[in-house]
4 protein chains.
Amino acid sequence: MNFRTDLALESREYLRDASGEEISGVEITVEEDNALGITVTWVSVTDQQGADVMGKPIGNYITLESSTMKDADPEAHEEIAKILAQKLGQLHKLNKDAVILIVGLGNRQVTPDALGPKVCEGILVTRHLGENVPTDLQGRLRAVSALSPGVMGITGIETAEIVKGVAEKIKPDLIIAIDALAARKTSRINATIQISDAGVNPGAGLGNRRTPINRDSMGVPVIAVGVPTVVDAATLVNDTMDKMLDALAASMPEGGTFFDMLNSLEEGERYALITEILSSGNMFVTPKEVDAVIGRLSHIIANMLNIALHPGITQEDVNRYLL
Amino acid sequence: MNFRTDLALESREYLRDASGEEISGVEITVEEDNALGITVTWVSVTDQQGADVMGKPIGNYITLESSTMKDADPEAHEEIAKILAQKLGQLHKLNKDAVILIVGLGNRQVTPDALGPKVCEGILVTRHLGENVPTDLQGRLRAVSALSPGVMGITGIETAEIVKGVAEKIKPDLIIAIDALAARKTSRINATIQISDAGVNPGAGLGNRRTPINRDSMGVPVIAVGVPTVVDAATLVNDTMDKMLDALAASMPEGGTFFDMLNSLEEGERYALITEILSSGNMFVTPKEVDAVIGRLSHIIANMLNIALHPGITQEDVNRYLL
Amino acid sequence: MNFRTDLALESREYLRDASGEEISGVEITVEEDNALGITVTWVSVTDQQGADVMGKPIGNYITLESSTMKDADPEAHEEIAKILAQKLGQLHKLNKDAVILIVGLGNRQVTPDALGPKVCEGILVTRHLGENVPTDLQGRLRAVSALSPGVMGITGIETAEIVKGVAEKIKPDLIIAIDALAARKTSRINATIQISDAGVNPGAGLGNRRTPINRDSMGVPVIAVGVPTVVDAATLVNDTMDKMLDALAASMPEGGTFFDMLNSLEEGERYALITEILSSGNMFVTPKEVDAVIGRLSHIIANMLNIALHPGITQEDVNRYLL
Amino acid sequence: MNFRTDLALESREYLRDASGEEISGVEITVEEDNALGITVTWVSVTDQQGADVMGKPIGNYITLESSTMKDADPEAHEEIAKILAQKLGQLHKLNKDAVILIVGLGNRQVTPDALGPKVCEGILVTRHLGENVPTDLQGRLRAVSALSPGVMGITGIETAEIVKGVAEKIKPDLIIAIDALAARKTSRINATIQISDAGVNPGAGLGNRRTPINRDSMGVPVIAVGVPTVVDAATLVNDTMDKMLDALAASMPEGGTFFDMLNSLEEGERYALITEILSSGNMFVTPKEVDAVIGRLSHIIANMLNIALHPGITQEDVNRYLL
C-alpha cells in the first residue's frame, strides 16, 4: 500500500475495495447516530497478519466522523466530546488516583500541524496543584500534566526520547498523545477524530515518521488521539485520476484508445471534471477557516479529555474552569 | 484558459506551448544572471488583444525567479532586493517629495496568505514623523505609510473600498500593493517575485477575486508586488496528468489502448511516477519551512521597498533602521 | 489633574475626594447587583463646565465593574455581556437596517494594547454577505463591518484619518470604537468596561493621544467601548505614596515638618518629580496573566456587540455563530 | 534583603551602598569599552559567606550592559554577541565533540517572559542531523539541541524535572538555560545580559521560584543566560520613594521628624507596607516596545550561542544559516 493515510478506517476501506473481501485479523463495528450525523467506527486489528496487511500495529482504532466539526456548532461539539470521552473510557480504564501525561505533538508555528500544542492549551492541568486544588474540586480531579515538546527539526531531539525522559521522572499511569494526521479522502479532513490504543508516530501527518510513542517504547499504556488535517498531494492526484478513469470508462466507445479520448477532451472540460471530482475544490482551505477549524477541533478534544480524565468535571461545567 | 495563475510569465508560457507561436500584443525580454542563478523576465501586454488572450490587463509584468529565496542566503537576498529596487524605479519614476501608501493584502492568520501584512511590518514608515526625522536622515526619506486592512471575510468591507477611502484622505502619489499569488508550477512557489504596474485583485492567490486595486479604481498609479505561495490543487492534478500522458505516450505500444496500459501499471508504480512528477513531493511544505520562507520573502520585499522608496537608505544601511 | 485615567468614574472620584463636594455639570447614578457582584455606574457630563473640570468631553459614560471578568466564569461573563448590550441600546437607538462599523484600536502585537483587534476577531461580520445570509438568519442581522487599522507608529497614518476615509466609503450609521484604556487604580485593571457616547482618543491607554474619533470628527455617532488594561507607573507611585503618607500621618508626632513640606508640593510638581525619577517614562504596569485575561475580555465585548447589533442573535445562540 | 533582583551585580551594588564596604567572599572586575558604550562586569561569589550575604550561590556572574540592545543597531549587536561568546568560552571550556542542550525557560505567550523560547527559535539545532550535515559544515558543528518546556502552570510539571528527564536521555556535556530575569533598576531592563555558571531558578523573573537547574540538580555543568525584562512594581515604588526622600532631604529644614520616622522603619517593614498598598501583588513593569526589544535580545543571544557552540560558524556567516 503506497498511499498515505493514518486512519485505520481508510486502510481497511482501501483493502476491501481492492480485494472485495473482508480482511483476516481485522474486525469492524459501525454505530451511526443519524439525528446528529455522527458515525463511529471501531476497527480492531486483532493479529499480526491483520497488522501486516493493514500496515498498522495490533490494537483498537475508534474513528468518529462528523462534518459538524468544521462548523460553529457548539451543541454538536458537546455531543462529540461526550461520545469520545465514553469511548476513551472503553479503551482504557483509569484508576481513581491515576497520573496522566498528555503530549501535544506537532509544530505550533504551522497551522495544520498545531493541533497537539493547541489541545494542550485547553487542558485542565492539575498535577502541580497538590493541596492547592480549589475546595469544591478536592478529590474530584486526577493528576493531569501536559507537554508540547516541539518537533525534531526544532529541538534536535527525537520526540519519543523527550517523552520517555519526562515519563521516567513523573511516572504516569497513562500517556495520551495528540497529533495531526494525514487522510486519503479530502472529505475526512478536519471532520474525523481517531482514538487508538496502538500508539503514534510523531510527525506522521506531515510525512516525517519517527520512533513510535507506544506501550512498548514508553513502558506505560499510550492512547493516541488524532485528526487528519492534510492530504498528501500525490495521493490526491492518484485518487483523482482513478476516479476520472472510472468515470470515463463507462462512456468509452468501443475500440477507441483511451488516450485518444482523454486527449479529445477540451482542456476546459478536463479541468471542470477534475474540479468536480475534487469535492473540496481548493486544497488550500479558505482564509479564515483553517485557523478557526483547528481551534474548534482543539476545543472538542480538550473538552473530551477534561471530562474523561477528571471525575469531578462534567459536560455541563467543563467551560467553567477553562474559558 | 481555465487554470489558475497570477503570473503573466506563466500565462504567456502556457499560450506559447499551446499554440507554438508568439502572442500578438505581448512582448517579452529575458535577462539571466548565471552567477547567482537569478532570471528576470519582462512581459509587456501592449494592447487589448494581448490582454484578452492573456487574461491579464495591459501593463508591464516583471518576474524575478531564484530558488535562493527559499534558503538562508542573505547575500543572494540582498542582490535580489537591489535588482527589484532598480526594476521598481524603471516601472515608476518617483518625485523627490512623493507620498507612498503601501498596502499589505491578505490574512495574517493564514501563513501562505500573510505575505502582505508581514512585508508591512518591515517597512520603514515615515509619513507621521514630520519634523521628527532623525537628523542624519533629514531630507533623505520619502513620506511612506503602510496599511494591512485585512481580508473581506474578516472586515465585511471590500479591500478596494478601504484602500480608496484611505487614499482619498492621505492622497498618495503611488500605491504599492503586496499580495500572495497562485502559480501553476510548484517549482515557482516561494521562488518568484512579480512586480507589475497593472494593479492587483485582492485575494487572487486564494481564489477570491474582488474589485481590483489599480490606477483606474484608485485614481493614482498602483504597483503590485506578489509572490506565488500556493498552487491550486485542481491545476496541480491537471498538469500532473498532462505530464504523465506525455511520459507514457513515448513508450506506448502499437495498438494498445492507453486505458489498458494505464491500468496495467501496478498501483505502486503509478504512485511513484506521480510522486516523481510532482517535483516538490509534498504540497504541504515541511513544518519549519513555510513560516521561515514567508519570513525571508517578506524581508527581501521590505528591503527592496525601503531602498527603492527612501533616497537616503542604501543596501548597506537598510538593516540599521529596522532589525 | 495630572494623573492618568481614561475612566470618567475615576476622574469624578478623584475630584470629589479632593473637594469633598459634588461637581457642577456632572451627574451620577449607581446600580448594584449584589448577587453577581456587578456594579454599573452612569456618569453624565452635562455641560462645558463639567467637561472642563473633569477633563472629559460632554457625554455619557457607563462603567461596569466586576472582578469576575478576570476569571474563568462563563456565567458571569454572559450576564455582563447581556447588561452591556442593554446599556448600549440605551446609549444609542439603532434603526432596523443600520450599518455599523466596528473599529478595533490598538496594536495587536502588544498584549495589553491588543483588546481592540481581538474584539474584532470575535465579531459576526455580515456587511459583505448581502444575499448570502444563511436562511435562518435572513432579516435578522444588521450590516456589521469591523476594521483593525493598526497604530500610527506602524501605519504612518493618524487612525482617525483611516477611520474617516473608510467611513466616507461605507457610510455607517454608527461607529463603535474599542480600545484599551489606562486606569488609576490597579484594582480596576481588567475588571472594568466603560461604554461612552463621547468618542475616544486612539492610543490614550498607552499615553499617545491623537485626533479623537467622535461624532464631530466622523460625522456620525460614535460609541467608545474600553477596558483599562494598564496603570501608568508614575501614577502608581504617586498614589502609593499618597496612601503611605495617609497611613503614616495617623501616627505623626506633633510639630512634624517633612509631612507639611511634602504636602505643600503642588500635585503637579510632585508628579513631575516622580516622572523624572522613573528614568524611563514608558513603563506600564499590567497583570501577569494578561494574555488569558485579554482573551476573556475580548470575548465578553464581542458577545455584547453581537447580541446588541444583530436582532436575530440572542444570549443563548451567540456562540453558535462564532466558536 | 527584601527587594527583587536576579542580577549579582545589583545585589553587590546594594550591599556596598548599604554598608559602604566591600563584601567578603565577593570579587569584582570591570571592563569598559567606551567606544561602544559596553560595560562588562565579572562578579565572583567565592565562598559560602559571600553566597549567604549576596543571596546568590557560589559561582561566576558576568554582566554585559549596553543601552544599544534596545535599539536597531546591528553593528553594536554583533559586537555584543562576539564579546558574550568569548565570555562563555571563559566560563566553560567545551570539548570538540561536546553535546549541548539549550533550554528556553519561560512562557512564550507572555511577551516579557518569552525570551527563552524565542532564543531557541534562533538556535542552529544540529544534534539530529548526524550524517546529514551540509558538506561545507562537516566537522565544524557541535551537536546542539534546544527545548522550550513551558512553565509549570501550563505543564503541571516542575521545569527542572522535565530538563532532568531529557538530560538523562540525551546525556549532554553542558546545559545552557535561557530565562527572563527581574532587575531592580529600570535603566537595566532590556539593556543587560547576565551569564553565570551558578545555574538558574526557572520563573525567577516573574516571582515564581522553583527547583533550581544547576550542576547539582542536573549532574552536568549548567550555564545560565538571562536578561532582566521586568521590575517588580513594589521594588520600583520603594526605590522611587528612596530617591525622592534623598532629593528632599537636601532641602529638609532642621528638626524634621517625618523623615526620621520614615527612615527609622526597617527596610522590610517599608517593603511589606508598599506591597500591601499595591493590592495586586502580581504587577510587573515593562517597556512599551517590549515585543520588538525581546526580538532583538533573542537575536543577540541566539547569535552568541551559535558562534560560541559551533566552531565552524563565525560572526561573519552566522546569519547565512538562520535568517
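Biologist: Which residues have the most contacts inside the largest nonpolar core?

Modeller: In this predicted model, the largest nonpolar core has 47 residues, and those with the most contacts inside it are Ile102(C), Ile176(C), Ile301(C), Met304(C) and Leu305(C). The element that gives the most to this core is α11(C), with nine residues.

Biologist: What does Met304(C) touch, leaving aside residues up to four places away in sequence?

Modeller: Met304(C) touches Ala81(C), Leu84(C), Ala85(C), Leu88(C), Ile195(C) and Val225(C), where a contact requires heavy atoms within 4.5 Å.

Biologist: Why are α3(C) and α11(C) called oblique to each other?

Modeller: The axes of α3 (residues 74-91) and α11 (residues 290-309), both of chain C, come within 8 Å and cross at roughly 45°. Angles under 35 degrees would count as roughly parallel and those from 65 to 115 as roughly perpendicular, and the pair α3(C) and α11(C) is therefore oblique. The crossing of these two helices, α3(C) and α11(C), is right-handed.

Biologist: What makes up the contact of α3(C) with α11(C)?

Modeller: From α3(C) come His77(C), Ile80(C), Ala81(C), Leu84(C), Ala85(C) and Leu88(C), and they meet Arg296(C), Ile300(C), Asn303(C), Met304(C), Leu305(C), Ile307(C) and Ala308(C) in α11(C). By class, the residues of this contact divide into ten nonpolar, two polar and one charged.

Biologist: Why are α6(A) and α6(D) also described as oblique to each other?

Modeller: Helix α6 (residues 159-170) of chain A packs against helix α6 (residues 159-170) of chain D at an angle of about 120°, with their axes 7 Å apart. Roughly perpendicular covers 65 to 115 degrees, and roughly antiparallel begins over 145; α6(A) and α6(D) are therefore oblique. Their crossing, that of α6(A) and α6(D), is right-handed.

Biologist: Which residues meet where α6(A) is in contact with α6(D)?

Modeller: Glu161(A), Ile162(A), Lys164(A), Gly165(A), Val166(A), Glu168(A), Lys169(A) and Ile170(A) meet Glu161(D), Ile162(D), Lys164(D), Gly165(D), Val166(D), Glu168(D), Lys169(D) and Ile170(D).

Biologist: How many of the residues of chain A count as buried?

Modeller: Of its 323 residues, 58% count as buried, the criterion being under 20% relative accessible area. Chain A has eleven helices and eight strands, and among its contacts between residues at least 6 apart in sequence, 71% join residues at least 24 apart.

Definitions and conventions. Residues numbered from 1 in each chain as written. Chains lettered and ligands numbered in written order. Predicted model: local features only at pLDDT ≥ 70, side-chain atom pairs only at ≥ 80, totals over all residues. Heavy atoms only, no water. Axes fitted to C-alpha atoms, helices over the stretch in contact; angles between N-to-C directions. Helix = DSSP H or I, 4+ residues; strand = E, 2+ residues; numbered from the N terminus. Left-handed = near helix turned anticlockwise from the far one by under 90°. Nonpolar A, V, L, I, M, F, W, Y, C, P; charged D, E, K, R; others polar. Core = buried A, V, L, I, M, F, W, Y, C linked by side-chain atoms within 4.5 Å. Buried < 20%, exposed > 50% of the residue type's maximum accessible area, 1.4 Å probe, protein only.
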